[in-house]
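Open the model in your viewer and show side chains.

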Amino acid sequence: MGDANTVLDAASARHLLRRTGFGAKPEDVQKILDGGMTRGQAADVLLAFKGKKFKPGGKYIEDAHNKWVKYMIKTKLAFQEKLVLFWHDHFATSNAKVENVKNMGRQIRLLHVMCRGSFKDFVKAINRDAAIIEFLDTTRNHKDIPNENYGRELQELFTLGVRDFKGNPNYRQQDIVQIARAFTGWDYEYNSGNSVFHDYDHDTNAEFSSTRGPKVIYQKIPRFPGDPNPPTPPGGFGDAGRAFDANGEGEIEIDTVIDIIFDHKDSDGKSTVARRTARRLLEYFAHPIPDPISAADVAVVDQVVTDSGFDANWDIGGLVKKILVNDAFYATAAVPPFTATTQKSVKWPIDYVVTTMRLLHVKLKSKYQYVAGGDYAGIRDLLSNMGQTLLEPPSVFGWDWEGAWLSSATLLARYDFARDVTSARDGGSTSFRPETFVVTVNNADVQLISLTDPDEIITAVTDILGVTDQLSAVERNALYDYLTDNGAHTTLDLTGAQGDPNDDGYYVRNRKLHGLFALVLQSPAYQLH
């Protein structure tokens, strides 16, 4: 058992850097160890980033996609990008429907600005985001014919979830209908992306209370006329529910709706929004939490909410810190041998690709952003083949995580990428050049290609890729057999003349060393974290 004061060892430091960034560089791990950092201290350092308001742009959505990937490969603010990716999935919005690259870029900038601040303020800002207004049909929500889409997804996906931890409903159809009334009259300017409120298109009590009733949500509703015992309404607001015109009618109503939702209590009397948000962030940074949620997982969710005060202050950064110091976060750092109960998480395709490019010091080539090796495929095509196209999630539900990332087709796409990036050799920063790597062996810094012992070479490569402690004995033996041709070569020469196919050393480096990197990138140890 550990806590915020637990000093990080090498395995825990690697795990922390993998999950909060794109890979664990040996020098970054060593910095944590040299500083004797605790879980809490390391989390504070990571969360203290001075964020950038990055906005991917371009004439076409492909341009914006590639610019964002390029930015992730080079940025020093990897933790900010990992948070932004989470919120891109949480507030999933696709340009396939929005059809406005500028507004998609503006939304990504908003995610960068709000990613670790107040979640309540974040949701209020999302209400007014042009891309969301288009994607979830707020622009088609008129007083005469209200559109319920945003009222539904606001509760189901962004805040409450359909059911609480005990399986009880968090809202009803009537709550969706009423919330839709609050959002009537909202639209956006196509070119500027500014949200606008048209009071002439807004549902008012004066015009509609006689047919639509009071502007109240989460109140007791009879199941049929004369129902003697209507069910207890969700939210913990009592039979009368809560009025979203209490602060006045008009554009303020959508903020009042959010304030009410954030006061919502589940059937345990706990904050519904806090619990659900904490669970999703735990699943993102730690490991999947299956339904029905176990008592142990409920305890972890409640602990990080209580320790951070998230159910009162709504501070995302504070909640994330408490996750990063919790034992549940470090559970997936477990080393072999693994059992059926070992917790692991599958890397997202974007995480897999960006981590690899950063650890291998390889950049994408030209304005078309392709990998300069193998099939010379564009990065957007590579990611799409793996199952993830940024700025175009498959639905409002975002992407399916964990095992859904893995199929025969998507795994093959990952293997092809590993082959392509390790065979990129056309010179310059877009090439993979293992001869430039310096590694630490027996407390001395040496060039990777100066090593001759196969075991030392394997350790050096797996250290570079941050998975030395995650390889099973079977996997390591397979790498040894590959590198030594099943034990035929007990020493290796990696120092041959670059570009000389007749030099044995060059052949070994060009084939075996590049191949070793590819095999590790394709290994289960590298696919999981």
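Which residues is Glu-156 in contact with, leaving aside its neighbours within four places in sequence? Select Glu-156 and look around: the contacts are Gly-161, Val-162, Tyr-171, Arg-276 and Phe-397. Bear in mind that this is a predicted model.

**Stop one: Glu-156**

Glu-156 is buried, yet it has no salt bridge. Now pick Arg-152, the nearest side chain of opposite charge. Arg-152 is 5.3 Å away from Glu-156, and a salt bridge needs a side-chain nitrogen within 4 Å of a carboxyl oxygen.

**Stop two: H14**

Next, select residues 272-285, helix H14. The end C-alpha atoms are 20 Å apart. That agrees with expectation, because 14 residues at 1.5 Å a residue should span 20 Å. Zoom to the start of H14. There, a side-chain oxygen of Ser-271 comes to within 3.2 Å of the backbone nitrogen of Ala-274.

**Stop three: H23**

Move on to residues 473-484, the 12 residues of helix H23. From first C-alpha to last, H23 reaches 16 Å, close to the 16 Å expected at 1.5 Å a residue. Colour Glu-475, Leu-479, Leu-483 and Thr-484, which are buried. Look down the axis of H23: the buried residues fall within an arc of 155°, so they line one face of the helix. On the other side, Ala-473 and Val-474 are exposed. Finish just after H23, at Asp-485, where phi is positive, about 55°.

Methods. Residues are numbered from 1 along each chain as its sequence is written. This is a predicted model: local features need pLDDT of at least 70, side-chain atom pairs count only at pLDDT 80 or more; totals for chains, interfaces and linings use all residues. Side-chain values use heavy atoms; hydrogens and water are left out. Helices (H or I, at least four residues) and strands (E, at least two) are DSSP runs, numbered from the N terminus. The expected span of a helix is 1.5 Å times one less than its number of residues. A polar contact is a pair of N or O atoms within 3.5 Å; within protein, one must be able to donate a hydrogen and the other to accept it, and residues adjacent in sequence count only if both atoms are side-chain atoms. Buried means under 20% relative accessible area, exposed over 50%, partly exposed in between (1.4 Å probe, protein chains only). Lys and Arg count as positive and Asp and Glu as negative; His and the chain ends are not counted. Contact means heavy atoms within 4.5 Å. The arc is that of the directions from the helix axis to the C-beta atoms.
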